[in-house]
Amino acid sequence: MIKIGVLGAGGRMGQAIIAEVLTAPDCWLVGGVERAGHPICGSVIGEGLVVGANAAPVAHKADVLIDFTSPAALEENLRAALDGGAAILVGTTGLAPEHHAAIDNAAKSIAVLQAANTSLGVTVLAAMVEQASRALDTTWDIEIVELHHRHKVDAPSGTALFLAEAAARGRGLPLSELRLPPHDAQSGVRRAGGIGLAALRGGSVAGDHKVILAGDGERIELGHVAEGRDIFARGAVKAARWLAGLDPGRYTMADMFRTAG
Ligand code: NAD
């Protein structure tokens with residue numbers, strides 16, 4: 001049995017992950033954590049488990065923590081995982097360079113998988129985007145458009161940035177050198193070879209992404225539609241199973257799907 005603790009237990013993703021863990025015959029939910037003051041804090045989930053506000057006791061019981069909270073909670077969540085000796089999957093998006101540095105540091109002592117998108121479809125899409133970008137020269141403009149529900153707080157989405165990084169890898173340069181400022185007002189003529197990102201927000205959309213590679217007289221459109229959050233939850237729990245017992249290091253969903261199938 002893989003012992004799993006869920007951080008952000010009252011959130012949209014936290015709820016989807018709890019449902020997935022509770023129905024998986026080889027997984028055991030050992031705790032849920034929410035910020036103090038959230039209505040779910042203090043209530044019971046699973047088999048008599050009370051949702052608490054402190055990740056530390058859950059980390060001591062868990063093989064793996066699954067974290068879909070907020071960037072502000074990351075440092076504390078990593079510390080709990082380190083103290084408890086648990087692996088951790090970080091699904092939270094909107095991470096800044098200092099968050100990635102903290103993940104790299106934790107990965108010296110425990111197994112950490114950070115993924116802006118835990119679905120199989122987006123993992124495969126990123127590989128396709130990298131391949132297409134490598135095959136096409138810089139007369140092909142790359143634009144990424146994403147649409148998410150009205151409650152999403154970060155923009156562009158972590159998945160859009162992940163896809164943009166894949167496109168930049170295909171061009172052999174870091175995204176920081178290729179990312180274009182938003183096309184707005186008098187933003188001028190598009191820079192050749194640049195990668196543009198645009199974000200739309202509305203309704204209850206779980207996540208739509210389209211990567212447009214636009215050449216002269218033709219274009220390629222590669223995309224992904226998340227029809228529900230269950231795809232992220234399924235991928236996250238699959239990754240948690242794989243992470244349990246792995247050596248310390250920083251891993252990706254592509255590593256997981258490549259070796260776990
Ligand atoms: P949400 O706001 O519904 O849920 C986040 C939950 O975390 C909230 O209930 C919040 O109270 C809780 N939380 C915040 N700080 C906390 C702390 N210190 N300790 C415990 N709980 C805390 O958001 P969501 O839609 O569930 O998304 C959560 C994150 O996951 C976002 O960053 C989102 O972009 C990301 N996300 C990632 C994927 C993926 O595949 N990796 C998919 C969907 C969403």
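## A ligand and its protein chain

In this predicted model, a backbone N or O atom of Met13 lies 2.7 Å from an oxygen atom of the ligand. Two further contacts of this kind are set beside it here.

| Residue | Part of the residue | Distance to an oxygen atom of the ligand |
|---|---|---|
| Met13 | backbone N or O atom | 2.7 Å |
| Gly11 | backbone N or O atom | 3.3 Å |
| Lys152 | N or O atom in the side chain | 2.9 Å |

How much of the ligand does the protein bury? Taken alone, the ligand exposes 850 Å², and the protein buries 82% of that. Around the ligand there are 22 residues, and the closest are Arg12, Met13, Glu34, Thr93 and Thr118.

Let us turn to the start of the chain. Strand S1 covers residues 2–7, helix H1 covers residues 12–23, and strand S2 covers residues 27–33. Together, S1, H1 and S2 make a right-handed β-α-β unit. The two strands pair in the parallel sense, with six bridges between them, and Lys3 stands opposite Trp28 in S2. Strand S2 is mostly covered, as six of its seven residues are buried.

Now for the whole chain. The protein has nine helices and twelve strands. Its radius of gyration is 19 Å, close to the 18 Å that the globule rule gives for 261 residues, so the chain is as compact as a globular protein of that length. Along its principal axes, the C-alpha trace spans about 60 × 40 × 30 Å. Of the 261 residues, 48% are buried.

Conventions
Residues are numbered from 1 along each chain as its sequence is written. This is a predicted model: local features need pLDDT of at least 70, side-chain atom pairs count only at pLDDT 80 or more; totals for chains, interfaces and linings use all residues. Side-chain values use heavy atoms; hydrogens and water are left out. Buried means under 20% relative accessible area, exposed over 50%, partly exposed in between (1.4 Å probe, protein chains only). Helices (H or I, at least four residues) and strands (E, at least two) are DSSP runs, numbered from the N terminus. Two strands pair if DSSP finds at least two bridges between them. A crossover is right-handed if, with the strands pointing away from the viewer, the path from the first strand over the helix to the second runs clockwise. A residue is near a molecule or strand if one of its heavy atoms lies within 4 Å of it. A polar contact is a pair of N or O atoms within 3.5 Å; within protein, one must be able to donate a hydrogen and the other to accept it, and residues adjacent in sequence count only if both atoms are side-chain atoms. Accessible areas come from the Shrake-Rupley method with a 1.4 Å probe; for residues, only the protein chains shown count as cover. The radius of gyration is taken over C-alpha atoms; the globule rule is 2.2 Å times the number of residues to the power 0.38.
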